[in-house]
Amino acid sequence: MAGLITMDDLTNEEILTILDDAERLLPVARGELYLPLLQGRILGNLFFEPSTRTRMSFETAMKRLGGDVVNLGDVKTSSVVKGETLFDTIQMVDGYTDIIAMRHPRQGAAQYAQDSATVPILNGGDGAGHHPTQTMLDLFTIRQAHGKLDGLKVVLAGDLRYGRTVHSLSHALTRFGCELVFASPEILKMPSEIISDLNAHGATITETEDLYSMIGDADVVYMTRIQKERFSDEDEYARCAGAYKLHANHLADVKSNMIIMHPLPRVDEIDPSVDVTRHARYFEQAFNGVVARMALLCKLLGITVPEDVESAGGAL
Amino acid sequence: MSNEHSMRRVTAIRNGTVIDHIPCGQSLTVLEMLGVTGSTSVPVSLVMNVPSKKMGSKDIIKVEDRELTQSELDRLALVAPDAHVAIIRAYSVAEKLTINLGEEVVNVVKCAMSNCITTNLREPLPHRLKVVSKDPLELRCHYCGRPQNLDELVNNVL
């Protein structure tokens, strides 16, 4: 069965249908309603790299829908340290589970796992490659705030070179006709092959190092962390760290409905003074990871989300 | 100058392979991709930049006492997809081989990206690169999506 490796695996129509499903599942995600659509199904959580939100939200999503989860656990205590190949690990987990969510430090690992498996793979991040389930929750958050996805001006800022969330998100936003601004230090610019792909899809892109002058007419400002773990050269990291620090003072002249997003964890790119403004949306965004992943799990397991969730569900 | 005249620049070979219609200046890359180096013992003739009716100018290689295998043809397809390959036996063309650069190249070259999952050579699935563009040549790794140009491909022949 096909999984979700990159956003290219979903059509725009499928994306919108999944977001609609997610919208209806909100009371289930909040624990207000019990709807065991995935009872008897098992998710394999294979996180070869640290993760808090992605791993926990997958687990929460599965359990809220009545399913169960088995975890790889700490890589250091698994067979991976004994030299087991990804292929062999997938063969084993494929037999134990109905669907696999995976994060791996190497790029292309998700596609490799999908080619090795019979169950669907949900790519929870592969190196600096893709992170499509994050994109789905990002799109959900943007649509929740603006009521639409098309025609928005979105500023993506920070580590655009290694940041897999912005790679997947910029592809999806281009498909919905959004105007993109890429704000980053020179050495963390969006990779040229991605710019070239986006241009081939008719993207409108501005590249700049000056974040603050670009947020005045933005509908969304998407901040990212400069990822220390992606640098092999500490000096290079030191030159980029702290390049942007969005403070409440910067928001005086922005649109009233502009939202600030961040895939989290943040370090110092968003000052806590922003948290109390009407623009901060990153904690709701993290919650939306549950509902977006619930809808994705249903979609890939072939389970239809009922139109009337309230009637289909029961009290907890 | 006709093709016949250009062929006379080097003598006919008794047994081996003639690779004709190599894009001008690419013959050294072809030899590199085929693993023909200074340490190989077979005689190799190479002419560069000879006039060609079809191509304007071209390179030609003759390798004696060696017949190209399918996997070598697959490598050749990356550098010279329109080349003509003839197997020579007893001074005659015994076989004409067709080069075909399809939509995907499997187990011919490995991905050039150091962090690609396929750099773990113990992983058993094949190295797969999709042909995105034939002219100029651009391939992308099936797994990580990284684009790779000819220079990178030459350095990563399996």
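This is a short tour of a predicted model with chains A and B, one selection at a time.

**Stop 1: a helix in chain A.** Select residues 132-146 of chain A, which make up helix α6.

Click through the buried ones, including Pro132(A), Met136(A), Phe140(A) and Arg143(A). Now show what covers them: among the elements of chain A doing this are α1 (12-24), β4 (121-126), α7 (164-175) and α10. Strands β8 (220-223) and β9 (259-261) are also part of that cover.

**Stop 2: the largest nonpolar core.** This core has 121 residues. Select Ile100(A), Val155(A), Tyr222(A), Met294(A), Ala295(A), Leu297(A) and Val30(B), the ones that touch the most other members. Then pick residues 282-300 of chain A: this is helix α10, and its nine residues are the largest share of the core.

**Stop 3: Val30(B).** Which residues does Val30(B) contact, leaving aside neighbours within four places in sequence? Look for Ile19(B), Ile22(B), Ile61(B), Leu76(B), Val79(B) and Ala80(B).

**Stop 4: where the chains meet.** Show both chains: 16 residues of chain B are in contact with 14 of chain A. Colour chain B's side by class and you'll get nine nonpolar, five polar and two charged residues.

Conventions:
Residues numbered from 1 in each chain as written. Chains lettered and ligands numbered in written order. Predicted model: local features only at pLDDT ≥ 70, side-chain atom pairs only at ≥ 80, totals over all residues. Core = buried A, V, L, I, M, F, W, Y, C linked by C-beta atoms within 7 Å. Buried ≥ 20, exposed ≤ 12 C-beta atoms within 10 Å, placed from the backbone. Helix = DSSP H or I, 4+ residues; strand = E, 2+ residues; numbered from the N terminus. Contact = placed C-beta atoms within 7 Å. Nonpolar A, V, L, I, M, F, W, Y, C, P; charged D, E, K, R; others polar. Expected span 1.5 Å × (residues − 1).
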